[in-house]
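This report describes the strands, helices and side-chain contacts of one protein model. Please consult the sequence and structure shown below while reading.

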Amino acid sequence: RLRDLNPHVTVRPHPEGVTADNAVALFSEYDVVVDGSDNFPTRYLNNDSAYFAGKPLVYGSIFRFEGQASCFHPREGTPCYRCLFPDPPPPGAVPNCGEAGVIGALPGVIGSIQAMEAIKHLLNIGETLCGRLLTVDLLTAGFRTINLKKDPDCPLCGERARIRDIVAANYTTNCSAPSPGEPDMTDSELPPLEVSVDEAKSLLDNAPGRALLLDVREPHEIEICRVAGSTCVPMNEIPQRIDSLPRDRHILVQCHHGGRSLRVTRYLRDRGFKAVSNIRGGIDAWAKTHDPEMARY
């Protein structure tokens, strides 16, 4: 597609991706690094590797209706990402876009700003966002620029830096939160990741005290139809209400067709909930199989 748009473009694929072993050498071959990552380990790896390679890093992040953009180039005297956020948040403290959601137009807005930042740097025109953080709120159409300063105590580019090189163990991708006090279960003891509507109904009918039906659809969907006795928590509220969910019951997660509920099932399992299963086909399959009078949409 890029060649169709511009036959003079040279495309260099890197099928191995960016890793702790190759990032510094890879970044050293280019003039600017544009960070399009969606997780903290990769984001910090990109920042640290760009610093050691002496390259500017065009940063962008998105969350629900809000976004941020900046350009970090500490070798030229401006702050780095760690001047703003010295260390990653604790595991499980911040939900990602798949868990909290993001409006579809937002990546286009922030991505276009990042592209313009890269162009300005390459052509040496205009004023880049180096030393400034642009925040965007699409709900209010609000754009705000905040001046940034180098942190003298920054662990990467500060006066007493403690990060001297890239160590793979510092950029792990395990973001799940621990679950203290919960007994370990082997893979053979874990409930299946997905169950059919027949299996779910059987569990709810035969073991009502040990099974819980969790409906993660939105309130306007709940008004259309609902399985009696279900607990309703919209998907984007799960991270905030996770402590209210029981760890001693088999949680059966349901949405409209099974897509959102599967993501919630994996999210809960990653955060230590052992007995969680997705209901394949969602409430639509439930209506077709067990409640033909239920309203469908």
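## The parallel sheet

Five strands make up an open sheet with parallel pairing, in the order β6-β10-β9-β7-β8. Strands here are DSSP runs of E with at least two residues, helices are runs of H or I with at least four residues, and both are numbered from the N terminus. Two strands count as paired if DSSP finds at least two bridges between them. At the edges of this sheet are β6 (194-195) and β8 (231-232), each of which pairs on one side only.

Strand β10 (residues 276-279) joins β6 in the parallel sense over two bridges. Helix α10 (residues 259-270) packs on the sheet and touches β6, β7 (211-215), β9 (250-254) and β10, and its direction makes about 175° with that of β10. Contact means heavy atoms within 4.5 Å. Axes are lines fitted to C-alpha atoms, for helices over the stretch in contact, with angles from 0 to 180 degrees between N-to-C directions.

## Basis of the model

The model is predicted: local features need pLDDT of at least 70, side-chain atom pairs count only at pLDDT 80 or more, and totals for chains, interfaces and linings use all residues. Residues are numbered from 1 along each chain as its sequence is written, and side-chain values use heavy atoms, with hydrogens and water left out.

## The mixed sheet

A further open sheet of five strands has mixed pairing and the order β1-β2-β3-β4-β5. Because β1 (33-34) and β5 (142-147) stand at the edges with a single partner strand each, one side of each is left without a neighbour in the sheet. Strand β4 (residues 132-137) pairs with β5 in the antiparallel sense over six bridges, and Leu-133 stands opposite Ile-146 in β5.

Helix α3 (residues 40-53) lies across β2 and β3 and runs at about 165° to β2. Helix α6 lies across β1, β2, β3, β4 and β5, at about 170° to β2.

## Side-chain contacts

There are six aromatic pairs, counted when ring centres of Phe, Tyr or Trp (its six-membered ring) lie within 6.5 Å; planes under 30 degrees apart are stacked, over 60 edge-to-face and the rest tilted. Tyr-59 and Phe-72 form a tilted pair, 5.5 Å centre to centre with 40° between the planes. This pair links Tyr-59 in strand β2 (residues 57-63) to Phe-72 in strand β3 (residues 66-72), 13 residues apart.

The structure also holds 13 salt bridges, each a side-chain nitrogen of Lys or Arg within 4 Å of a carboxyl oxygen of Asp or Glu. Asp-87 and Arg-162 meet in one of these, at 2.9 Å from N to O. Asp-87 is in the loop between α4 (81-84) and α5 (97-100), and Arg-162 is in the loop between β5 and β6, 75 residues apart.
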